[in-house]
Amino acid sequence: FHEQVHRWRFIPNDDGSRSGTPGPHTQRDAYINKTMYIYIVIGIIGFICNFLGYFCMTCASMQTLTTIRKKVFIALVRQDVAWYEKHSPSELMDRFSTDTMTLEQGLCQQMYELVLGCSMFVSACLLAAIQNWMLTLVFIGVMPLGMLVCNVAMKINAKAETRSRESYNTAGAFAQAALSSIRTVVAFNGQR
């Protein structure tokens with residue numbers, strides 16, 4: 001298909017002259033227009049499929065997150081009082097909100113991108129194998145190196161994310177305690 005797109009350069013004019021010389025170009029222009037319309041249709045279909053896929057993944061992830069939030073809330077309510085003395089309520093709420101946001105990103109956006117990336121990878125390998133199998137073998141040979149680099153980057157990112165989340169939870173607990181103290185002072189008219 002890709003070779004046919006560039007074939008217009010070699011289609012002669014309607015009067016038989018070469019394509020670089022002036023002359024009627026109706027056949028060549030019709031071929032270019034047909035190819036252009038094919039690309040436009042492929043783009044529109046791709047846009048619609050991407051939108052529908054992302055929308056479906058978003059709906060499914062929101063239902064899953066609602067179920068998870070309900071179960072976590074029930075588990076928090078069933079804890080003993082001693083458990084709440086060990087864990088700060090404000091830190092629990094900060095952790096709960098950040099973890100659910102992380103789950104939302106993972107279930108919705110990143111899961112969709114994973115499915116999309118895997119399907120694009122498989123289809124690209126199949127098309128490459130059909131078009132030029134030797135280049136496909138070179139790509140498959142270099143692919144483990146790329147996967148290794150991505151794996152190392154993901155591990156570094158996960159460690160940084162964990163440290164960042166812990167510091168945000170601690171900061172959130174301090175901010176909640178400070179706001180609670182301010183509310184207590186205002187409630188007893190202790191401000192001046």
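Predicted model: local features only at pLDDT ≥ 70, side-chain atom pairs only at ≥ 80, totals over all residues.

Colleague: What share of the 192 residues in the protein is buried?

Modeller: Buried residues come to 10%. As for the fold, there are 5 helices and 0 strands, with helices (H or I, at least four residues) and strands (E, at least two) taken as DSSP runs numbered from the N terminus.

Colleague: Now the rings. How is a pair of aromatic rings described?

Modeller: By the distance of the centres and the angle of the planes. Here, rings of Phe, Tyr and Trp (its six-membered ring) pair if their centres lie within 6.5 Å; planes under 30 degrees apart are stacked, over 60 edge-to-face, and the rest tilted. That rule gives 3 aromatic pairs. In one of them, Phe51 and Phe55 have ring centres 6.3 Å apart and planes at 15°, so they are stacked.

Colleague: Where do Phe51 and Phe55 sit relative to each other in helix H2?

Modeller: They are 4 residues apart, which means a separation of about one helical turn. Phe51 is exposed at 53%, while Phe55 is partly exposed at 46%. Then there's Tyr54 with Tyr112, an edge-to-face pair at 5.5 Å centre to centre and 80° between the planes. Tyr54 belongs to helix H2 and Tyr112 to helix H4 (residues 89-131), so this pair ties together parts 58 residues apart in sequence.

Colleague: Is Tyr112 buried or exposed?

Modeller: Buried, at 12% relative accessibility.

Colleague: And which residues form the nonpolar patch on the surface?

Modeller: Met36, Tyr37, Ile40, Ile44, Phe47, Ile48, Phe51, Leu52 and Phe55, with about 960 Å² of accessible area together. Areas come from the Shrake-Rupley method with a 1.4 Å probe, and for residues only the protein chains shown count as cover. Patch members have over 30% relative accessible area and no salt bridge; nonpolar side chains (Val, Leu, Ile, Met, Phe, Trp, Tyr) are joined within 5 Å, like charges within 9 Å. A salt bridge is a side-chain nitrogen of Lys or Arg within 4 Å of a carboxyl oxygen of Asp or Glu. Phe47, for one, lies in helix H2 (residues 26-77) and is exposed at 61%.

How values were computed: Residues numbered from 1 in each chain as written. Heavy atoms only, no water. Buried < 20%, exposed > 50% of the residue type's maximum accessible area, 1.4 Å probe, protein only.
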